[in-house]
Amino acid sequence: MTGSCELSRRHLPTNVEDLFTRPSSDPQQFHVLAVDDSVIDRTVIERLLKISSCKVTTVESGTRALQFLGLDGKTSSSAVFDDLKVNLIMTDYSMPGMTGYELLKKIKESSTFREIPVVIMSSENILPRIDRCLEEGAEEFIVKPVKLSDVTRLKDFIIKGRKEESNERMIKKRRIQHNCSCSSLAKKPPLACDLPSSIVPSSPASSSKRPRFCEK
């Protein structure tokens with residue numbers, strides 16, 4: 001175990017903006033599923049997340065996590081998802097029965113839960129392990145013990161990333177609207193005043209000839 005806590009980060013999706021800002025009385029409170037076979041580690045994680053105004057559900061194994069999510073083959077995962085609204089999954093790497101890496105793969109293979117960010121935690125700072133988890137789709141790899149400072153850094157990253165992505169989406173939206181406006185203008189038929197005089201049809205009044213009178 002290393003004395004200082006290190007954090008490896010890939011990215012976090014846009015839907016975690018309120019991870020640490022929702023009040024505890026909010027019925028739509030951010031919901032975190034914490035998976036760890038250590039009672040002490042589960043207690044620490046639960047307290048840190050509750051300090052951050054998150055709703056926390058803790059389970060002791062990857063198998064129990066799959067059961068909770070409805071990915072054990074006995075429950076419809078879509079029905080469970082609609083009811084649970086799990087926004088983040090934090091799991092230990094080394095657990096008996098099913099490792100955190102195996103749990104990560106199961107979640108990312110699910111069409112229902114693959115977009116939920118998964119944070120892997122471990123007391124061992126093993127680079128190949130970190131790389132493998134990030135390549136499989138983990139959003140974070142935190143070296144234990146998890147501290148409040150890690151939660152704070154994660155919070156700052158989420159808020160900053162959310163603002164940047166929001167600005168990018170706004171700019172993209174404006175570009176799309178501008179392109180659509182230009183496209184609609186290009187498709188409009190030209191007005192007669194915009195056409196060259198050589199191809200503007202003359203009016204009947206101007207083209208009709210006056211009758212000739214015979215002189216006697």
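## Overall architecture

Helices (H or I, at least four residues) and strands (E, at least two) are taken here as DSSP runs, numbered from the N terminus. On that basis the protein has seven helices and six strands, and read along the sequence these follow the pattern β-β-α-β-α-α-β-α-β-α-β-α-α. This is a predicted model, in which local features need pLDDT of at least 70 and side-chain atom pairs count only at pLDDT 80 or more, while totals for chains, interfaces and linings use all residues. Residues are numbered from 1 along each chain as its sequence is written, and side-chain values use heavy atoms, with hydrogens and water left out.

## Surface, burial and contacts

The accessible surface of the protein comes to about 13800 Å², of which 52% belongs to carbon and sulfur atoms; such areas come from the Shrake-Rupley method with a 1.4 Å probe, and for residues only the protein chains shown count as cover. Of the 216 residues of the protein, 34% count as buried, a term that means under 20% relative accessible area, whereas exposed means over 50% and partly exposed lies in between (1.4 Å probe, protein chains only).

Contact means heavy atoms within 4.5 Å. Among the contacts in the protein with a separation of 6 or more, 69% are accounted for by residues 24 or more positions apart.

## Helix 4 against helix 5

Two packed helices are described by the angle between their axes and the distance between the axes. The axes of helix 4 (100–109) and helix 5 (residues 127–136) come within 10 Å and cross at roughly 10 degrees, where axes are lines fitted to C-alpha atoms, for helices over the stretch in contact, and angles run from 0 to 180 degrees between N-to-C directions. Helix 4 and helix 5 are therefore roughly parallel to each other, given that angles under 35 degrees count as roughly parallel, over 145 as roughly antiparallel, 65 to 115 as roughly perpendicular and the rest as oblique.

On the helix 4 side the contact is made by Tyr101, Leu104, Lys105 and Lys108, and on the helix 5 side by Arg132, Cys133 and Glu136. These residues divide into three nonpolar, no polar and four charged, with Ala, Val, Leu, Ile, Met, Phe, Trp, Tyr, Cys and Pro counted as nonpolar, Asp, Glu, Lys and Arg as charged, and the others, Gly among them, as polar.

## Cysteines

Cys133, which takes part in the contact with helix 4, is buried, with a relative accessible area of 0%. Cys54 also counts as buried, at 4% relative accessibility. The structure holds zero disulfides, a disulfide being a pair of cysteine sulfur atoms within 2.5 Å.

## Loop residues and prolines

Pro117 lies in the loop between helix 4 and strand 5 (118–122) and counts as buried because its relative accessibility is 0%. Although Pro117 and Leu88 are 29 residues apart in sequence, their C-alpha atoms are 5.4 Å apart in space.

Thr99, in the loop between strand 4 (88–92) and helix 4, is partly exposed, with a relative accessible area of 24%.

## Glu46 in helix 1

Glu46 has its place in helix 1 (residues 39–51) and counts as partly exposed, at 22% relative accessibility. Leaving aside its neighbours within four places in sequence, Glu46 is in contact with Val56 and Thr58.
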